[in-house]
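Hello,

Here is the structure for your files. My notes follow below it.

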Amino acid sequence: MKINITVNGTSHDGEVEPRTLLVHYLREHLALTGTNIGCDTSSCGACTVHLNGESVKSCTILAVQADGTKIVTIEGLSKDGEMHPMQQAFMENHGLQCGYCTPGMVMAAIGLLNENPNPTESDVRQGLEGNLCRCTGYHNIVKSVLAAANK
Amino acid sequence: MTMTEVRPNTVIGTRLLRREDPALLTGEAKFTNDLNIPGALHLAVLRSPHAHAKIKSINTKAATALPGVVAVYTGADLKSMWAGPMPCAWPVTADMKAPQHFPLAIDTVNYVGDGVAAILATSETASRDALDLIEVEYEVLKPVVDLEEAMTDNVIVHDELGTNKSYTWNLKIEATEGCVEEAFANAAFTVSERYVQQRLLPMAMETRAVAAVPQPFGGDITIYSSTQIPHILKVMTALTIGIPEHQVRVIAPSVGGGFGSKLNVYAEELLCVGLARKHNVPVRWVEERSENAQATIHGRGQVQYIELAADKNGKLTAVRVRIIGDMGAYLQLVTPGIPLLGAFLYAGVYDIPHAYDFSCTGVFTTLTPTDAYRGAGRPEATYAIETAMDALARKMGIDPFDLRKRNFIQKEQFPYTAFSGLTYDSGNHLAAAEKAADMADYAAVRSRQAIQNVPSATKRLGIGMTSYFEMCGLAPSRVLASLNYGAGGWEAATVRILPTAKVQVVTGTSPHGQGHETSWAMIASEKLGIPAEDIDVLHSDTAIAPLGLDTYGSRSLPVGGVAIAGACDKVIDKAKLIAAHQLECSAEDLEFAGGVFSVKGSPDRNMPLAAIAFQAFTAHNLPDGLEPNLEAQYTYDPPNFSWPFGTHICVLEIDIETGQVEILKYVAVDDCGVQINPLIVEGQVHGGIIQGLAQALFEEAIYDEDGNLKTSTLAEYLVPAASDVPSLTTDFTVTPSPTNQLGVKGIGEAGTIGAASTVMNAVIDALSGLGVTHMDMPASPHHVWLAIKAASSAS
């Protein structure tokens with residue numbers, strides 16, 4: 001099926017099988033491998049991207065459902081060689097270790113602050129409950145998001 | 001901080017931000033499955049749906065006919081491809097029984113997930129679609145799911161072995177023969193406890209992935225794998241497939257967590273390599289999460305019986321331990337040795353006489369093989385001694401902190417030669433425990449508890465603690481020899497100063513989240529006086545870093561980091577000869593500080609290392625006979641394990657109507673000696689604690705009676721989310737290790753080792769007023785309810 005998706009500001013015309021998930025389209029058709037796959041049950045959130053400005057797990061929607069939308073992936077966050085404030089906050093607060101959940105976590109965290117610019121610690125923990133991390137114990141992830149909110 | 005030694009470090013000890021982060025934060029980092037490998041065929045593995053069955057027949061016709069499918073192989077088809085069975089590098093006893101284990105089962109499957117057939121196809125989708133088209137006829141056999149049932153040999157997993165018992169390993173140390181028995185006979189107090197270490201799924205966020213890329217001519221092959229052990233994988237692949245070792249190159253790209261689960265040589269790695277060679281094209285494979293749950297090793301899996309004997313003051317007089325260790329269906333790389341890594345730690349941090357009796361029997365079951373999972377044997381041991389200490393305190397009617405104080409090894413006793421003959425390098429348990437108690441407001445919580453936990457209380461307050469020792473920094477090669485381990489425990493490093501005074505540090509460690517690039521550059525910077533940003537760290541590619549024993553067992557810093565310091569010393573020694581030659585003085589007259597050699601007493605006669613690097617490169621004016629260039633390799637074999645320690649305390653509340661456990665405070669005081677980068681140390685502690693806490697509260701690999709894993713997805717297996725766990729209060733004491741020049745100890749596993757018993761002691765403490773004295777992990781609402789019910793029917 002033919003689709004058109006704007007990814008990180010660039011319009012892409014594509015031809016996909018109906019069963020192709022958005023995450024596979026991003027990784028395999030566009031070679032945007034920053035969006036990771038961590039599970040097969042939509043539990044881990046490693047594949048979180050923004051669809052028309054909202055966080056979505058890109059393994060839960062088909063590429064054809066994203067036809068005509070605007071997608072932002074982790075590769076689309078930096079501007080003029082500067083990391084997004086959320087990426088910077090993760091770096092400054094050691095909010096990542098192996099980095100595999102990180103792209104999804106950063107996208108979810110930005111989505112969280114878009115909805116709630118001044119979250120409490122508890123808001124952050126609740127807001128990120130769809131994103132799993134096995135390395136950090138979340139302590140420094142929460143710290144990173146709160147630091148980004150205060151910037 | 002308690003500093004027993006002040007070091008004039010300038011880089012070491014700073015919170016330098018990680019150089020690894022920008023690539024990981026922007027999506028630039030490449031994990032194995034991100035690599036673009038033109039022309040690669042995709043491997044899919046058909047897995048057994050039965051825990052135990054004979055393969056009667058396999059029909060691959062329909063699968064082979066599917067468009068995109070290139071070939072389908074059964075275990076019998078590939079038998080001749082293997083030079084030997086899959087490796088187990090740790091035959092713990094001379095008479096250990098080990099079944100032959102091949103990447104695909106040949107006639108019998110022994111767990112759900114055991115490989116039965118391999119499909120190669122031109123796309124991942126085609127390879128997976130073909131799985132459904134393979135018809136396998138099985139004769140189903142009885143499964144062996146329960147450990148104690150396995151011990152009876154009523155049903156035998158591997159007929160050819162004649163028993164499910166792989167080995168029994170004993171460590172009995174008595175000052176005089178029979179003194180353990182005597183101690184128990186004469187004890188004022190004894191406790192006898194049974195604990196179950198439930199199986200855990202490591203669940204690294206990146207599942208495993210492999211790509212094997214053959215060279216079209218000459219037989220060389222490059223293996224990309226999401227592994228912790230590129231060097232060990234290289235040797236084992238060469239041996240198992242029969243490829244000359246020098247023709248194998250292993251690269252571990254960015255690796256998304258390991259926790260021990262990628263410390264292995266896996267069937268899919270060997271299948272990719274073997275089939276890539278057979279077809280002479282690249283072959284790649286990526287694991288699905290549910291495959292990861294079944295076909296990547298599991299952790300823990302023990303039944304523990306521990307008995308303590310104590311005198312009237314609560315001073316321990318003997319420890320007796322019996323372990324049944326669940327090997328699973330096969331012995332993976334170090335499966336049988338995992339319980340042994342804890343064997344020396346069942347007396348914990350306590351000063352006990354030579355009266356220790358440990359025995360472990362490893363048994364086969366028809367479940368996924370077990371192997372190293374964060375802590376590997378040591379969390380299990382720490383859990384047993386620390387929960388048994390609480391049981392002893394309850395029996396004596398004294399505070400568990402008080403009991404610990406009566407038994408701690410005192411700081412004056414270090415270095416302390418233990419009953420086992422091992423020497424604990426340095427420690428100060430009382431200081432760490434008192435600091436943790438202050439931070440947790442221990443006395444105040446006890447007072448509050450006395451008021452809150454009245455008989456009618458539905459919300460009950462509990463406080464629990466653990467004081468631990470971690471035996472890590474694996475390991476002195478001679479000690480490994482005495483344990484029958486199949487390799488050494490050294491680590492190698494090369495330090496190379498380039499003509500422009502930039503530096504390459506080459507390490508045999510293989511990071512997967514620990515920030516080695518940052519920390520190793522800091523070590524070299526401190527030693528050489530060259531800024532960390534001018535130092536590159538190369539790793540995880542056996543062509544670039546040919547010597548190494550990789551990353552596991554909290555060894556990277558106390559072995560690999562110390563190797564880097566040693567290589568720097570060798571480079572400095574050589575540079576000193578050049579400086580002496582050019583400054584026309586003797587080398588003994590030179591001192592080196594801040595990257596500059598200067599003549600003692602005449603600091604204006606000096607030469608910076610940067611200038612010497614260029615001189616060493618041009619070789620125009622070197623001392624006679626000295627080789628050009630500044631490069632040194634150093635291999636460090638540690639004289640001892642490193643012994644981090646600390647105390648963790650958890651305060652929690654349990655709603656006995658819902659069974660819900662709410663953690664109010666978690667305090668950790670850890671001591672890993674000198675810290676290279678406290679930012680990274682804290683991160684390791686945080687992550688470790690949550691993994692240990694997750695064993696205590698959430699995680700459990702659950703099997704049904706037929707041997708089916710019921711928790712094979714992240715929807716069923718409860719890896720905690722941010723909303724499930726608390727913020728942590730961490731602090732440190734600093735007791736340098738005297739056994740290495742950096743004064744460092746490992747920290748990768750400490751959090752996990754301390755956390756599970758800390759939480760469970762608090763859980764039992766909260767419910768002790770209801771008569772609860774025992775609960776199996778995890779302390780889920782269901783288990784809390786069962787424990788309360790059992791206690792009330794007993795009273």
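In what order do the four strands of the open sheet in chain B run? The order is S18-S26-S27-S28, and the pairing is mixed. Strands here are DSSP runs (E, at least two residues), helices are H or I runs of at least four, and both are numbered from the N terminus. Two strands pair if DSSP finds at least two bridges between them.

Before the rest, the ground rules. This is a predicted model: local features need pLDDT of at least 70, side-chain atom pairs count only at pLDDT 80 or more, and totals for chains, interfaces and linings use all residues. Residues are numbered from 1 along each chain as its sequence is written, with chains lettered from A and ligands numbered from 1 in the order in which they are written.

Inside it, S26 (645-655) and S27 (660-671) of chain B run antiparallel, joined by eleven bridges. B:Val651 faces B:Lys665 of S27(B) there.

Chain A has a hairpin of S3(A) and S4(A), with two residues between the strands. One residue, A:Asn52, takes a positive phi near 50 degrees. S3 (48-51) and S4 (54-57) of chain A pair antiparallel over four bridges. A:Leu51 stands opposite A:Glu54. S3(A) also pairs antiparallel with S5 (70-72) of chain A, over two bridges.

Last, the interface. 42 residues of chain B contact 45 of chain A (C-beta atoms, placed from the backbone, within 7 Å). H19(B) gives the most to chain B's side, six residues.

Best regards

Conventions
Contact = placed C-beta atoms within 7 Å.
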